[in-house]
Amino acid sequence: MNAQKSNIKLVVAGLLLGILMSAMDNTIVATAMYTIVKDLGGFDQIVWVTSAYMVAVMAGTPIFGKLSDMYGRKRFYIFGLVVFLAGSMLCGMADTMLQLIIFRAIQGIGGGALMPIAFTIVFDLFPPEKRGKMTGLLGAVFGTSSIMGPLLGAFITDNIGWEWVFYVNLPLGIVSFIFILTAYKETLSHVKQKIDWTGAATLVGAVICLMFGLELGGKTYAWDSPQIISLFVGFLVLLFIFLITESKAEEPIISFKMFQKRLFASSNAVALCYGAAFIVATVYIPIFVSGVYGGTATNSGLILMPMMVGSVFGSQIGGIMTTKTSFRNIMIVSSICFIAGIFSLSTLSPETSRTMLTLFMILTGVGVGFSFSVLSMASIHNFDVRQRGAATSTNSFLRALGMTVGITIFGIIQRNVFTDKLAAGMTGENAPAGVSFDADAALSSDVLDKMPPAIREHAISSLADSISQSFTWALVPAVLAFVFVLMMGNERVVVKPKTPEQARG
């Protein structure tokens, strides 16, 4: 890398804009989901709006990382930007929920290139003594995106239209594109590596089979139907092939040898469980606020902010504490806060005050915030420079896998509980003639306004119960995370004492 020919400030600015755009995407979309469902319908497909994006990111992250090593960072970062922006434009033009899901997958392909390559470019451009500061700056952008996303999404949804939560990516992405294209210079000297295409394909295929089996089972097809059985068999077969492939691959997507280290294995297990539980809060709290409390997306955007502020606070405290005590001790505090937060959210009802919901979310945010900094540092703790990239990407990959599977499973639970409770309290004489009162209708203020007060209250109560039950089930991975935390051992970051010369200088 010839960093002297690059305009470092513009390159960093371009990378920060790209990361801000992609990191903000899920939170900004989550805030608008209630309005999107009211407009496009398809409540039973809502989990796929998030899952399609995350599966695509999960598939692309390791592949684009290796491609950038082989053929250059710049071309694949720009490729990721272009695909992400194209997907954003298409999402804004979606007329149906199915179209939105497909276009979100296109967005995810681009997002899978942006994150890993941005961090790699920073490590290429800066010497070791400056990388920590720059990585902290990138982390601050993640924290900022967590706060900005809900607020910006709420403001745009209420005042402009939900389509613009996707179009807002265009100016950020175009500026990033210009900065990287014109300011970033790189040599053509790269490391030749083999890409584990079989491993990537079988892993993503296994996850997709599992998600479709869970999504379609018991609704579109019976659980014992040939279609659902075939999907679950496909999941098991592809998972088996993946495990065999990874054990023999020269450059595996996930290196099993790394998991021989206790701290690495336990840290990644915690990341997987945290991802599965936390995604429920990110997706369903905005729906709870809009559907149960009523009002506008701004309500959900403002009330989501305390959780994100709590996560930024927890992340900063966790990072500071890594030099003072063990990773396990920090994560024990994190797990206690996280479990308490998820448990509190499982008690949600129409009678829950906004003040109490805010407190529940702050507690959840602080708990998960520790993991953002501590688990990343724990994952790379026992590895040298040549292995740290793989260690970090594995941690990110498994957290994304947890989020993907979590939103699918818990989303299905929420949907089924909601539709069952809704149907149980509805009879033909209760609903006005000519009105089809289903899950989509129950989320429409126009339809609800036509209903008698008792029916309206039943619909709100059904939504609240379904979301609270989803959080009850989310306690399973949260508690499992605590068990894995106890397995982390007593390792910690050791800071070498300064020499007399360093202390004076």
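The model is predicted, so a few ground rules apply: local features need pLDDT of at least 70, side-chain atom pairs count only at pLDDT 80 or more, and totals for chains, interfaces and linings use all residues. Residues are numbered from 1 along each chain as its sequence is written, and side-chain values use heavy atoms, with hydrogens and water left out.

**Overall fold**

- The protein has 18 helices and zero strands; helices (H or I, at least four residues) and strands (E, at least two) are DSSP runs, numbered from the N terminus.
- Out of 505 residues, 54% count as buried, where buried is under 20% relative accessible area, exposed is over 50%, and partly exposed is in between (1.4 Å probe, protein chains only).
- Take the contacts (heavy atoms within 4.5 Å) between residues at least 6 apart in sequence: 82% of them join residues at least 24 apart.

**Nonpolar cores**

- A nonpolar core here is a set of buried Ala, Val, Leu, Ile, Met, Phe, Trp, Tyr and Cys residues joined through side-chain atoms within 4.5 Å.
- The largest one holds 126 residues, and I36, L100, Y284, M331, L345 and F471 have the most contacts inside it.
- Helix α10 supplies the largest share of this core, at 18 residues.
- Setting aside residues up to four places away in sequence, Y284 touches I46, V47, I407, G411, Q414 and I467.
- There is also a second, separate core of six residues, with A206, L210, L214 and F235 among them.

**The second largest pocket**

- Rolling a probe the size of a water molecule over the atoms shows where empty space is left.
- Helices α8 (197–216), α9 (226–248), α10 (262–293), α14 (385–424) and α17 (453–485) each put at least two residues into the lining.
- Of these, α14 gives the most, with eight residues.
- The lining splits into 25 nonpolar, three polar and no charged residues; Ala, Val, Leu, Ile, Met, Phe, Trp, Tyr, Cys and Pro count as nonpolar, Asp, Glu, Lys and Arg as charged, and the others, Gly among them, as polar.

**Residues on α10**

- N268 sits in helix α10 and is buried, with a relative accessible area of 1%.
- Beyond four places in sequence, N268 touches F259, S379, T394, N395 and L398.
- T282 is in helix α10 too, and counts as buried at 8% relative accessibility.
- With residues up to four places away left out, T282 touches A30 and M307.

**Residues on α14**

- T408 lies in helix α14 and is buried at 1% relative accessibility.
- Apart from neighbours within four places in sequence, T408 is in contact with S51, M211 and L214.
- T408 and L214 are 194 residues apart along the chain, yet their C-alpha atoms are separated by 7.6 Å.
- L422 is found in helix α14 as well and counts as buried at 3%; its C-alpha is 8.9 Å from that of S461, 39 residues away along the chain.

**A loop glycine and an exposed glutamine**

- G41 is in the loop between α1 (8–40) and α2 (46–71), and is buried with a relative accessible area of 14%.
- Q316, in helix α11 (residues 297–321), is exposed, with a relative accessible area of 51%.
- Q316 and F372 are 56 residues apart in sequence and 9.1 Å apart, C-alpha to C-alpha.

**Cysteines**

- Counting pairs of cysteine sulfur atoms within 2.5 Å as disulfides, the tally is zero.
- C273 is buried, with a relative accessible area of 7%, and C337 is buried at 17%.
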